[in-house]
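I opened my notebook to look up how two chains meet and what else stands out. Here is what I wrote down as I went.

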Amino acid sequence: MKKILITTLVLVLVITYSYAQDTPAPEPFTPSKTQFMVRGYAHAGLNYKKTGDEVESTFVGTTFNPLFIFKHGDRLLFESELAFSFEDGQLDIGFEYANMSYLINDYMTIRMGKMLLPFGTFIERLHPSWVNKFANAPLGFGHGGIAPASGIGVEMRGAIPVGSMKILYSVYATNGPVLNTGMDAEGNFDEPDEAGQLMFNNFEDNNNKKGYGGRLGILPFANSSVEIGGSIYGGAVGDRGSSYGNIGAMLYAVDFSFVRQVSAVRGIVDVKAQYNLSNVDQATYIEPADDPLDPDEAYTFENSSNAYFAQASYRPTMAGNDVMKNFEVAYRYSAFNAPEGAEWEQQSTQWSVALNYYMNWRTLFKLSYQSTSQVGGHGVPEGETVQTDGIFVHWALGF
Amino acid sequence: MKNIKTLFVFLLPLAVGLILASSCASSKITMKSGAQLWGENCVRCHATPSPSAYNDIDWETIGLHMRIRANLTAEETNKIVEFLQSAN
């Protein structure tokens with residue numbers, strides 16, 4: 001009997017002990033040091049455009065931009081975004097950016113890699129389809145525009161509070177823009193219609209000289225509702241060793257932003273604007289003769305272009321009605337002036353109105369009407385103004 | 001000529017900003033709550049996400065991402081992230 005009792009006791013002890021070993025007291029959950037996130041955005045829609053008697057109506061999309069964010073500890077971040085879309089019937093994959101950042105101190109971050117450049121604010125802050133209140137970029141701001149989207153290089157950025165104001169800064173060095181001379185490296189005609197334009201994809205520095213730039217933004221009010229910014233970017237743009245080796249360019253931008261929930265109008269008022277100016281040193285380009293027996297012709301022009309937009313929107317966020325709250329109305333005016341005498345000379349203006357509905361904070365339906373008039377440029381007969389009306393129904397979504 | 005333009009681009013916003021700021025009642029970042037900083041900052045570029053949009057860990061990552069993208073200071077970011085984590 002004693003034996004049985006002792007054996008039972010030992011058994012119970014062993015079992016309890018081993019049980020206790022298997023289930024230690026639960027510890028509070030601590031997230032791991034490294035975090036990885038996939039976010040991004042997409043959009044699809046219907047575009048309808050009418051130029052004179054010519055009508056173009058097509059479903060577009062889907063553009064799909066996955067964004068990868070990797071965080072290690074409190075100071076190290078890597079971000080990269082790809083852009084999948086169809087271009088001329090083929091899948092096009094864009095490599096929008098890929099860069100690493102390290103927080104040096106409370107007010108300063110260093111970044112390196114391919115990054116969106118803070119030249120003004122449109123590209124860095126407003127171009128994603130779920131942020132942009134319209135179906136497209138303002139004139140001169142999209143692909144083939146006069147302002148850089150991204151650059152490969154190194155940047156210091158941050159913010160400094162000064163009393164109740166805040167100053168945002170960024171300075172960077174990149175491979176710099178590249179001058180399109182209309183010819184390839186062997187001197188054959190390549191894109192003669194684009195001679196004098198700047199290209200901003202400079203993956204391997206074409207001239208060893210770096211492009212330098214920066215932006216200074218000021219938030220003068222304590223409530224951060226207003227921001228005024230000035231940007232500059234420039235450097236040598238011609239190919240090393242070519243006759244364009246000494247050609248340089250200087251770009252300037254000023255931007256403005258006002259965003260505030262104004263109780264007098266029971267909603268958010270959002271006003272944004274940016275003006276870009278591009279000055280490229282004057283150079284001589286060659287125009288291929290129409291008839292191969294005729295000599296090609298050299299020409300030059302004052303290479304200065306500008307593009308700007310101003311937009312205002314209103315969303316009745318304080319409306320009593322839940323559906324009303326999610327509507328937004330927006331207006332945008334934009335203009336693009338390419339240099340006189342260039343093959344790509346043009347003056348265009350555009351206005352757009354939009355009615356948007358937010359399904360959630362980053363999913364929205366955008367219905368917009370856009371009216372564009374263009375003088376000069378590809379496919380526009382000399383001296384004529386071409387008027388295009390467009391209706392866009394887009395569904396944009398951030399995830 | 002170019003240098004003058006360059007100066008102009010930088011100094012004009014600075015001057016306008018300073019004039020506007022000097023005529024405005026002030027309260028410093030240190031005196032503001034995370035909720036207030038969230039309300040003022042996260043609406044400047046896109047619609048404001050509500051705290052419930054993400055979990056605590058995601059807010060840490062997003063906080064760092066936005067700190068860099070939106071040029072926020074450490075204090076602003078920490079206060080905003082703490083608020084979002086406490087209210088989600």
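**Entry 1: charged pairs across the chains.** I needed a working definition before starting: a salt bridge is a side-chain nitrogen of Lys or Arg within 4 Å of a carboxyl oxygen of Asp or Glu. I also noted that this is a predicted model. With that in hand, I looked up B:Arg44 and found that it forms a salt bridge with A:Glu227, where the closest N and O atoms are 3.0 Å apart.

Next I checked A:Glu79, which pairs with B:Arg69 in a salt bridge, and here the closest N and O atoms are 3.3 Å apart. Why does this pair join two chains? A:Glu79 sits in strand E3 (residues 76–87) of chain A, while B:Arg69 sits in helix H3 (residues 56–69) of chain B, so the link runs from one chain to the other.

I then went for the totals.

**Entry 2: the rest of the interface.** How many residues does each chain bring to the contact? Chain A gives 66 residues and chain B gives 46 residues. The area buried between them is about 4,600 Å², and carbon and sulfur atoms give 68% of that. On the chain A side, A:Met37, A:Tyr252 and A:Trp361 lose the most area to chain B, together 13% of what that side buries.

I also looked up polar contacts: 16 residue pairs between chain A and chain B, both residues at pLDDT 80 or more. The side of chain A that touches chain B divides into 36 nonpolar, 15 polar and 15 charged residues.

**Entry 3: a nonpolar patch.** On the surface I found a nonpolar patch whose members include A:Leu46, A:Tyr48, A:Phe59 and A:Val393, and the whole patch has about 770 Å² of accessible area. Strands E1 (34–51), E2 (54–72) and E20 (385–398) of chain A each give two or more residues to the patch. A:Val393 is in strand E20.

Entry 4: I spotted a cis peptide bond joining A:Gly61 and A:Thr62, with omega about -5 degrees. A:Thr62 is in strand E2 of chain A. Last, A:Asp88 has a phi near 50 degrees, a positive value in a residue other than glycine. A:Asp88 lies in the loop between E3 and strand E4 (90–105) of chain A.

Key: Residues numbered from 1 in each chain as written. Chains lettered and ligands numbered in written order. Predicted model: local features only at pLDDT ≥ 70, side-chain atom pairs only at ≥ 80, totals over all residues. Heavy atoms only, no water. Contact = heavy atoms within 4.5 Å. Buried area = accessible area lost by both parts, 1.4 Å probe. Polar contact = N/O pair within 3.5 Å; in protein donor to acceptor, adjacent residues only side chain to side chain. Nonpolar A, V, L, I, M, F, W, Y, C, P; charged D, E, K, R; others polar. Patch = residues over 30% accessible without salt bridge, like charges linked within 9 Å, V, L, I, M, F, W, Y side chains within 5 Å. Areas by Shrake-Rupley, 256 points an atom, 1.4 Å probe, with all protein chains shown as cover. Helix = DSSP H or I, 4+ residues; strand = E, 2+ residues; numbered from the N terminus.
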